[in-house]
Amino acid sequence: MRCLRIVALSLTLFLVGLVGPIQAQLQMNFYANTCPNAEKIVQDFVSNHISNAPSLAAALLRMHFHDCFVRGCDGSVLINSTSGNAERDAAPNLTVRGFGFIDAIKAVLEAQCPGIVSCADIIALASRDAIVFTGGPNWSVPTGRRDGRISNASEALANIPPPTSNFTNLQTLFANQGLDLKDLVLLSGAHTIGVSHCSSFTNRLYNFTGRGDQDPALDSEYAANLKSRKCPSLNDNTTIVEMDPGSRKTFDLSYYQLLLKRRGLFQSDSALTTNPTTLSNINQILKGSLEGFFSEFAKSMEKMGRINVKTGSAGVIRKQCSVANS
C-alpha cells in the first residue's frame, strides 16, 4: 500500500508539473478583462496608417520573425542599447524597420491600459494586421506574451538565418526553434512581399566563392539584369531591390514560381530547391490554390509566434518598448 501511495503521489506531482505550464500558455483574447479594446486599438492603428506606408507590412513581419528567433517572441528586438550591443545593433537587424510604429501603438495602449499589454504581443498583432490589410493571409494570434529584458547582438547574429545560408544552416537554425522543413518553406514565402538591400546578395553576383565569380545556381539572365540595373558593384549598401520582382506588393505564389526558375534573390531562397523535401513542398504549394497556401502559411505563423514565449510570471511588461527596465 505504501508503494502505491508513493506512486500515486509521484503521478500527482507529475500531472501538476504538466498543468502548471499549460495554464500559463498563450490564449485568445488574453486581455479581455484587463484591456478589452487592446486588439482593436492595435488593429485600428494599423488600419489608419498602413495605407500611407504599405511597405511596413513586410517590415513588421520581418521584425516579428527576427524577434522570435532570438530568445523567443519577447520583444527583445525592440530594446535600445547605449553601448551598441543590443539585438537591433546586430547586422541582421540593421535594416529592420518599424520600431517607431510599434512605439506609437504602445503609447496609445499605455494611455488606455497602463502596464498591461506587452511589446511582444504588439509586434505579433501588428504584423498580422498589417499583412491582412495589404491583402495577405490572416492567422490567429493568441496573446499573453510577456517581454524580455535581455537583448544581445551576438545572439541575434547567431540565431537569425542570414540570406547567405545554405540548406544545412537553414535546417539547423529553424530546427533550433522547433520549426520543421515545411515551416521553413512556408515562412520563406513571406519573401513574396518587400525589398532587400543589394548587400544581402551581391556576393552571388560578384564574389560567390571569393574568386570574383557568380553563383552558378542563379539564373544568368536574372543575374545580368541585377548587375546592370540594380546593383552595379559589390559594395552597394544602399540600393533596394524587390524580392519578388513585379509582385512585391502582392502576397501570392510568385515567389515559389521564381524559385523553380532559379530566380530566388538570396542564396537562402535558392537553397530551398537543393533538398528533395523542401523542393517537394514548393511543388505542392504551386499545385494548390492561393487559399491553400494562405491556410498553411497561417499555421506556420501561429507556430512561430509561440516560440519560447514568456508567460505567467516570467518576463515583464515594459512600459517603453525600447527600454529594457521600463
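**Exercise 1.** Work out what volume the largest pocket has and which residues sit nearest its centre.

*Solution.* Start with the size: in this predicted model, the largest pocket comes out at about 1,100 Å³. Next, go to the lining, which counts 42 residues. Arg 62, His 66, His 191, Met 243 and Phe 266 are the ones that lie nearest the centre.

**Exercise 2.** Find which helix gives the largest share of that lining, and sort the lining by class.

*Solution.* First, pick out the elements that each supply at least two lining residues: α3 (56-68), α7 (167-175), α8 (181-188), β1 (195-197), α12 (267-271) and α14 (290-304). Of the lining, α3 brings the largest share, with six residues. Then sort by class: you get 27 nonpolar, eleven polar and four charged residues.

**Exercise 3.** Now do the second largest pocket: what are its volume and its lining?

*Solution.* The volume here is about 190 Å³. Some 13 residues line this pocket, with Pro 54, Ser 55, Ile 193, Arg 248 and Lys 249 nearest the centre. By class, that lining splits into six nonpolar, five polar and two charged residues.

**Exercise 4.** An unreviewed UniProt entry lists Pro 161 under "binding site". Where does Pro 161 lie, and is it buried or exposed?

*Solution.* Step two, check accessibility: Pro 161 has 16% relative accessibility, so it counts as buried, the cut-off being under 20%.

Note on methods: Residues numbered from 1 in each chain as written. Predicted model: local features only at pLDDT ≥ 70, side-chain atom pairs only at ≥ 80, totals over all residues. Heavy atoms only, no water. 1 Å grid on protein atoms, 1.4 Å probe; cavity = no way out; pocket = protein on both sides within 12 Å on 5 of 7 lines; lining within 4 Å. Points joined across faces, edges and corners; volume = space filled by probe spheres on them. Helix = DSSP H or I, 4+ residues; strand = E, 2+ residues; numbered from the N terminus. Nonpolar A, V, L, I, M, F, W, Y, C, P; charged D, E, K, R; others polar. UniProt positions renumbered as here; feature names shortened; annotations may be inferred. Buried < 20%, exposed > 50% of the residue type's maximum accessible area, 1.4 Å probe, protein only.
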